[in-house]
Amino acid sequence: MITICWWLPFWASGQLLPGFERTSSFNEQQMLLEDSPANTRILINAPLDGFGKHNRVLLIFYALPNGNTIEQTFGKALKEGDDWHFDIQHIGAQTRYLRHVITKETIVVVYLESSHKSWPLWKKDNPDFSFDTKNIVDKITSMFSAWNPEIVLNGHSGGGRFIFSYLEAVQKIPDKVKRIAFLDSDYGYEDSIHGPKLTDWLNSGKDRFLSVLAYNDSVVVYNGKPLVSATGGTWYRSKMMKSYLSRSFQFREELNDSLLWYRSRGNKIEFILKTNPEEKIYHTVQEERNGFIQSMLSGTKHEQKGYRYFGERAYKNYISDAVNPPIRQLNIPPRKTNAETGSVFMKRIENMRLEEREEEIYKALAAGNMPGLLRNTVSLEADFADAEGVVHKVEYQIVPDYLSVGSDDDFCRIPMNPRTAQRLATLFGASLITAKISDDVYQKAEVKLEPFPYKPVGNANETVQKFIDHNTQIERQKAAAGGQNGQIIAGIKKDVILSNHIAQLPDKVVIYGWHKIDGSPIQPVYSGHVYWYVDYSHGIRLMNNQVLLDGKPVLLSEILKDSVLFKVFSNEEAPMLQTVYLTH
């Protein structure tokens, strides 16, 4: 499930959209989603400008070719030692070219990668491919609903399988889909499945465009064998698609150098098929030589103006020196409109047995019943040394407050045992923090409050009512300090932390923190409580398990195990053998 339910209309121009991070060049912003749905990786690239009240968005879903990563597909200037794949597509640079041509809409590109590096394999291994494909398109489209987005389905090579999967998932291609483009990617086309839907869609409005680029791959011999089967290549499938559409549309044919152009009336359908007398492989060359630009401008007044398909790179001045996707977003599902408020939930669990209460806490948060203030992580930067004294630049994303149940207007911070917390962290792609991170967060917190402890009277501090009372007290202090939801708040809870103790004492919970105003913690690292012990002072602050170490994405859980790097995020004397709590 894609987790952007906190999205609100955002009218200001030239500022970051919620959850996006600014890039280092070309005034762009990006968001990265991973495993949402499973085995996918999605980068959303947008300009900083063009999100005013009267703007409209052109949302391009670009499914990656087989064997390529998002970074390689986005492209960059090659440096010594770089993989050649970075220089064969340049969708990032071609997009920048298009943004200077298409000015009436704000172009947002959604890069779609499967963990298989192959959409055909992803479909084969995923019984829910139909639901997941449609869900990706629908959820990301809803993120930009404030700008009435028009949709483009585009893809290269095996990326065509994503497009066909979407077409198979809908009874009718939605009106908001304005363009479908196959960049040497229509291997999966079938007349009986896709032909009628494409025909109905093309006939449903004047603003529908179909662009198909292919080359004669049927004559290519690679390593002594035909590159494609007699009916499996894009040359055959493109002609097959054109033949089917010819039942409803008339085409005129034109030969321009080595390119066969087939255009319907009004140029709303274009097939450009490259002949191949030299029997070469042009699979990626079509893309490199302005293929993406052509796929987006075919049938418009801008077609073949300022560029030529299969000509020199028209986008060379828009190639960046580097491509650096941001830290991935946490996979927190959207809060349901009928979800319980915090006060109702706390009342319901008040008299439950501990095990039952913990399960209800897990179910509520796993279903996304948490306030929006927890959905926007905050990026923190630091210079931390490893065990050999080498200083590293790190960036990590922290949840600004402690896990809470409820809505923005009615929520309660909810203590829980570490096993429940670990289940949630794993589900969200997050991690519990360490004592070192707890100290760093306190130092950088925007809202620092004086700890408010209760005297122990029997087991009163372990009751749900005490959880509620403490939450109410925190909210009073926050209001008096002028604190706002979404700001990093600290000094209000002891952190349940990761430590070497969790491997040595698997049935214990490790706590630390509750910093005083002078920055000193009330609670040193302590592992004396059994794991199921919970009181009002315990809090769960999550961080993204993916961090940037010297600009490169790595997992915190792996760093903490490393014999040298563990010191970057830990102030203990040895790497951690175990970076998660037991969950049973």
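Me: What makes β15 and strand β26 (residues 546-549) a pair, and is the sense parallel or antiparallel?
Reply: The sense is antiparallel, over 2 bridges. Two strands pair if DSSP finds at least two bridges between them, so β15 and β26 qualify. Glu 395 stands opposite Leu 548 in β26. Strands here are DSSP E runs of at least two residues, helices H or I runs of at least four, numbered from the N terminus.

Me: What kind of model is this, and how are residues numbered?
Reply: It is a predicted model, with local features needing pLDDT of at least 70 and side-chain atom pairs pLDDT 80 or more, while totals for chains, interfaces and linings use all residues. Residues are numbered from 1 along each chain as its sequence is written, and side-chain values use heavy atoms, without hydrogens and water.

Me: Why is strand β15 (residues 391-398) called mostly covered?
Reply: 6 of its 8 residues are buried. Buried means under 20% relative accessible area, exposed over 50%, partly exposed in between (1.4 Å probe, protein chains only).

Me: What else does β15 pair with, and over how many bridges?
Reply: Strand β14 (residues 378-385) joins β15 by 8 bridges, and the two run antiparallel. Phe 384 stands opposite His 392 in β15. Their hairpin has 5 residues between the strands, and there Gly 389 takes a positive phi near 85°.

Me: Why is helix α5 (residues 160-169) called largely enclosed?
Reply: 7 of its 10 residues are buried, so the rest of the structure largely encloses α5. The buried set is Gly 160, Phe 162, Ile 163, Phe 164, Ser 165, Tyr 166 and Leu 167.

Me: Why does Pro 37 count as buried?
Reply: Its relative accessibility is 6%, so Pro 37 falls under the cut-off. Pro 37 sits in the loop between β2 and β3.

Me: What makes α11 and α12 roughly parallel?
Reply: Helix α11 (residues 354-366) and helix α12 (residues 418-428) pack at about 15°, with axes 10 Å apart. Axes are lines fitted to C-alpha atoms, for helices over the stretch in contact, and angles run from 0 to 180 degrees between N-to-C directions. Under 35 degrees counts as roughly parallel, over 145 as roughly antiparallel, 65 to 115 as roughly perpendicular and the rest as oblique. The two helices are therefore roughly parallel.

Me: Which residues of α11 meet α12?
Reply: Glu 358, Glu 359, Ile 361, Tyr 362, Leu 365 and Ala 366 meet Thr 420, Arg 423, Leu 424, Leu 427 and Phe 428 in α12. Contact means heavy atoms within 4.5 Å. The residues of this contact divide into 7 nonpolar, 1 polar and 3 charged. Ala, Val, Leu, Ile, Met, Phe, Trp, Tyr, Cys and Pro count as nonpolar, Asp, Glu, Lys and Arg as charged, and the others, Gly among them, as polar.

Me: Why are β1 (21-22) and β11 (251-256) called edges?
Reply: An open sheet of 11 strands, with mixed pairing, runs β1-β2-β3-β5-β4-β6-β7-β8-β13-β12-β11. β1 and β11 each have a single partner strand, so one side of each is left without a neighbour in the sheet.

Me: Within that sheet, in which sense do β8 and β13 pair?
Reply: Strand β8 (residues 209-215) and strand β13 (residues 269-274) pair in the parallel sense over 6 bridges. Leu 213 has Ile 272 in β13 as its bridge partner.
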